[in-house]
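Reader: I would like a close look at one part of this model, with the cut-offs behind each term spelled out as you go.

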Amino acid sequence: MAAAPQAPGRGSVRKTRPLTVKTSLNNPYAICWSALEREHMHFILQTLEDRFKSLGLRKIEDKKKKRKQFLKKPSPDRCGTEVEKGEGPKEKPPEGSEQGSGWTPVDVRKQLAIGINEVTRALERNGLLLVLVCRSAKPAILTSHLIQLSLSRAVPACQVPRLSERLAPVIGLKCVLALGFKKTTTAFDAEVRAIIPRVPSLHVPWLQGRPEDSGASLDTASSESRDREILDTSFEDLSKQKRKLVGSQQAVVLQPLKIKKLIPNPNKIRKPPKGKKTTSK
């Protein structure tokens, strides 16, 4: 007969730990990129591919990696034989024979923001005219923040399928998940003007408005003349003009956040601060 199970000893009982619960806010809205038409997709990819090839923009990397050579200490007898043979230092190759690593036209590279991190930083500084995101970026949360960021900065943005597949081999990169064109660009002026009307508008529930005339920001002549007039005015007039400009250029209106119900965490245990000691009366 099988023995009856014995009760565990007094010291072997384990106390159940409380479940760790973290308070978090969930977003009730589903934000996604607007669909791009197939004709517009082919136009954008072909236009950028032809422009990159004509400019010769490419990143060159040295395939010959420097290997670490572990040299042994030469013995005195061997040093004497080498001196007798007359072995001198090896001649260095000429400077022009090897091409250094980096981007070929540096000035053209400075007019672009390549990669998710670089595009995000440029958008936060409000320095982009157009943002293109590759559809193959997974998980989708990698590029989802660019929707709100580009709409809040009044920058047209869209998701282009096969962006990395078509453009990455042309410029010598493994992948291009995000591409941004800066406001100081001159090499891609015509291409940006042609692409912006084909970009679908984004929709975010708590943000309203979309820049209809984003191509007008490329004309810097009016802005320069306006800056000169501002410099000639006094400080009081300057503050008034700044307020007018901010009011006229503001294309985004933030809607108030409505909180329906606050639920406290019942499992949260508040510990008293270490510095304060309870005084007994």
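In helix H6 (residues 163-171), which residues are buried?

Author: A word on the basis comes before the answer. This is a predicted model, in which local features need pLDDT of at least 70 and side-chain atom pairs count only at pLDDT 80 or more, whereas totals for chains, interfaces and linings use all residues. Residues are numbered from 1 along each chain as its sequence is written, and side-chain values use heavy atoms, with hydrogens and water left out.

The buried residues of H6 are Leu163, Ser164, Leu167, Ala168, Val170 and Ile171, where buried means under 20% relative accessible area, exposed means over 50%, and partly exposed lies in between, for a 1.4 Å probe and protein chains only. Because they cover an arc of only 165° around the axis, they sit on the same side of H6, the arc being that of the directions from the helix axis to the C-beta atoms. Glu165 and Pro169, on the other side of H6, are exposed, and just after the helix Gly172 takes a positive phi of about 80°. Helices here are DSSP runs of H or I with at least four residues, strands are runs of E with at least two, and both are numbered from the N terminus.

A nonpolar core is a set of buried Ala, Val, Leu, Ile, Met, Phe, Trp, Tyr and Cys residues joined through side-chain atoms within 4.5 Å. The largest such core has 31 residues, of which Leu48, Phe52, Leu132 and Phe181 touch the most other members; H6 is among the elements that each supply at least two residues of this core, as are H1, strand S4 (128-134) and H7. Leaving aside residues up to four places away in sequence, Phe52 touches Leu167, Val170 and Ile171, and also Leu57, Leu112, Leu179 and Phe188, a contact being heavy atoms within 4.5 Å. Apart from this core lies another, of 19 residues, among them Ala122, Leu123, Leu149 and Ala178.

Charged side chains complete the picture. Arg166 is linked with Glu49 and Lys53 in a network of salt bridges, a salt bridge being a side-chain nitrogen of Lys or Arg within 4 Å of a carboxyl oxygen of Asp or Glu. Lys53 counts as exposed at 53% relative accessibility, whereas Glu49 counts as buried at 12%. A further salt bridge joins the side chains of Arg51 and Glu191, at 3.7 Å from N to O; this pair links distant parts of the chain, with Arg51 in helix H1 and Glu191 in helix H7 (residues 189-195), 140 residues apart. Of this pair, Arg51 is partly exposed at 23% relative accessibility, and Glu191 is buried at 14%. The search of the whole structure finds five salt bridges.

Finally, the confidence of the prediction deserves attention. The chain has a mean pLDDT of 75, with 63% of its residues at 70 or more, pLDDT being the predictor's confidence in each residue, from 0 to 100. Over residues 66-71 the pLDDT stays under 50, and the model has zero contacts there beyond four places in sequence; over residues 210-218 it is also below 50, but that stretch has 17 contacts in the model beyond near neighbours in sequence.
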